[in-house]
Amino acid sequence: MTTATATATPCVAHLVSHSTARLQHSRAALLLHQNAAFRTKKTTKNNLSSRNTSSTIAAALPFELSPPPIDHDFLDSVTAEGAKVSEEGIIETFENDDEALDAFDNGVVVMDLSHFGRIRASGDDRIQFLHNQTTANFECLSEGQGCETVFVTPTARTIDIAYAWIMKKAVLLMVSPETCGNITEMLNKYIFFADKVEIQDITKQTCLFALSGPKSSEVMANLNLGDLVGQPYGTNRHYNVNGMPITVGVGNIISEEGFSLLTSPAAADSVWKTLLSQGAIPLGSNAWEKLRITQAPGKELTNDFNVLEAGLWNSISLNKGCYKGQETISRLITYDGVKQRLWGIHLSAPAEPGSPITVNGKKVGKLTSYTTGRKECDHFALGYIKRKAASDGDTVIVGEKIIGTVVNVPFLSRQSPPPVKNSGPRLN
C-alpha cells in the first residue's frame, strides 16, 4: 500500500477458469503485459463475465490449498515501498492515511487483512457441523454462496463474528486475529468420533486482501471480474493466477459492497500490484481502525455481551432449530430480554475504552472503542448503553465530564431485528 499507484511489474495475474481443458488451451495464449489486468479467456462455453452463476461455478475446480511454490514475502515488498510493518506482521500505515480514508469514501482502497484468521472446515459433515455450532443457517446455502455467522457460548455470549464462504469441498471462515486460535481449538473439541469433519487454521498458508469504496466495482470490471458485481453478499468464485489459486468474494469485513481476494503468499505481490495499477489506494491498519469503528464491530464482540446486545441480527437464524446458544437467544427474543445495545457516540474530547457511560449521574453503560475522526477535533466511539437509558440523539457523559451524543452507525442500521411480540412478560 504505497501512495497512489505503484508502477506494476509485468503482470502474472492472468485469470482463467479452473476447467482443465480451458486452462490447457489458455496457456498457449497467455501474454505478460506491463500493468495488465486480470484476464480471462472468453469463449461461448465458459465466459467468466457471464451472470450465469451456476455454470460459472461448475466450470471451476475445487479451491485446494498447497504451500507456495516459491519463497516470496509480500511484507518485504511493501516495506521496500515505504510501508511501516509491525513486529506482528501487520501493515500499520503507508503514510497516506488521509488520502486512503478519502478514497474509501470517494474512490477505492485496498487493505491487507492477511493477519485476520482463516479457518477451513472440510469433510462430508462440515455443513451440518457448522450449522450446529454457529448462529447462521448453513443448510440453506449452496456452493458459491456465503454468509455472516456468529460463534457464541452456550449462554449466547459473543465469541466472534465469522465471514463464511461455501466451497465445493470446504467452508472457509474468516475471523479476527485474536480469536482464530481459540475458535479452531473449540471447533476441534466439538468434533465427535463419528463426525466426518476436519478443522484447519490456514492463516499462514494464505493472504487476504479487501477492496472497498464506491469505485471498487469499476476495478472488478477492469479485471474482467465484472460478473461478480451486483451478486449477493458472500458470493465467491475461484480463478487461477498464473497457475496458482485465487478466490474472489463479494463483500468484506467492513463493507457489503466491496470485495475480498484470497490468494497464496506466492501470488500476493502480483495481485497487490495489479490492484494498485487499477487505481486502488493502499490503506494501513491505523486508518482501518478508524473505519472499523463506524463500519464493523471488533472489540465489541466479547463474552461480556450477548449476540443480540451486539446487534448482529442479520447473522442469526431464528427458525433453523437447535444450535449452541439457541435456547438463550430464543428466550431473549420471546420475552424482550435484551437489556442493552451497542451505539455510536460522538464525543467532545478523547476517551479511554472501558470508561463508564452515565446519565444523570447513574452508570448506564461502557465505552468499548475510541478513535479520532478525520479532523483532530473529532472524536468518535462505540459503547453499550442500557436500552431505557438513552437512544439516538440523546446526551450521555463518558468518564468524568466528556459529553457524548448517541448516534446510530452503518453496520447497526443494516441489521433487521424481528418485531417485538407481546407473547410474554419482559425479562428483568
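Predicted model: local features only at pLDDT ≥ 70, side-chain atom pairs only at ≥ 80, totals over all residues.
Residues are numbered from 1 along each chain as its sequence is written, and side-chain values use heavy atoms, with hydrogens and water left out.

**Overall make-up**

I looked up the secondary structure and found eleven helices and 20 strands. Here helices (H or I, at least four residues) and strands (E, at least two) are DSSP runs, numbered from the N terminus. Of the 428 residues, 53% count as buried; buried is under 20% relative accessible area, exposed over 50%, and partly exposed in between (1.4 Å probe, protein chains only). The accessible surface comes to about 19000 Å², by the Shrake-Rupley method with a 1.4 Å probe. Carbon and sulfur atoms hold 49% of that surface.

**Strand E13 and its neighbours**

Next I turned to strand E13, residues 255–263, and saw that seven of its nine residues are buried. For pairing, DSSP has to find at least two bridges between two strands. E12 pairs with E13 in the antiparallel sense over six bridges, and a hairpin of two residues joins E12 to E13. Within E13, Leu 262 stands opposite Thr 247. Strand E10 (residues 207–212) also pairs with E13, antiparallel, over five bridges; there I noted Leu 261 of E13 as the bridge partner of Phe 209.

**Cavities**

Then I searched the whole structure for cavities of 30 Å³ or more and got five. On a 1 Å grid over the protein atoms alone, a cavity is a set of points where a 1.4 Å probe fits but cannot get out, while a pocket is an open set with protein on both sides within 12 Å along at least five of seven lines; lining residues have an atom within 4 Å of a point. Grid points are joined across faces, edges and corners, and a volume is the space filled by probe spheres set on the points.

The largest cavity holds about 90 Å³. Its lining includes Cys 147, Tyr 163, Trp 165, Met 174, Asn 252 and Ser 260. Strands E7 (158–166) and E12 (244–252) are the elements that give two or more residues to this lining. By class I count eight nonpolar, four polar and no charged residues; Ala, Val, Leu, Ile, Met, Phe, Trp, Tyr, Cys and Pro are nonpolar, Asp, Glu, Lys and Arg charged, and the others, Gly among them, polar.

**The largest pocket**

The largest pocket has about 650 Å³ of space. Of its 33 lining residues, Phe 116, Pro 177, Glu 178, Trp 288 and Glu 289 lie nearest its centre. Among the elements that each supply at least two lining residues are E7, strand E8 (170–175) and helix H9 (285–295). The lining has 18 nonpolar, seven polar and eight charged residues.

**Strand E20**

Last, I checked strand E20 (residues 402–407), which runs antiparallel to strand E15 (residues 340–347) with four bridges. His 346 has Thr 405 of E20 as its bridge partner. In the hairpin of E19 and E20, with three residues between the strands, Gly 399 takes a positive phi near 70°.
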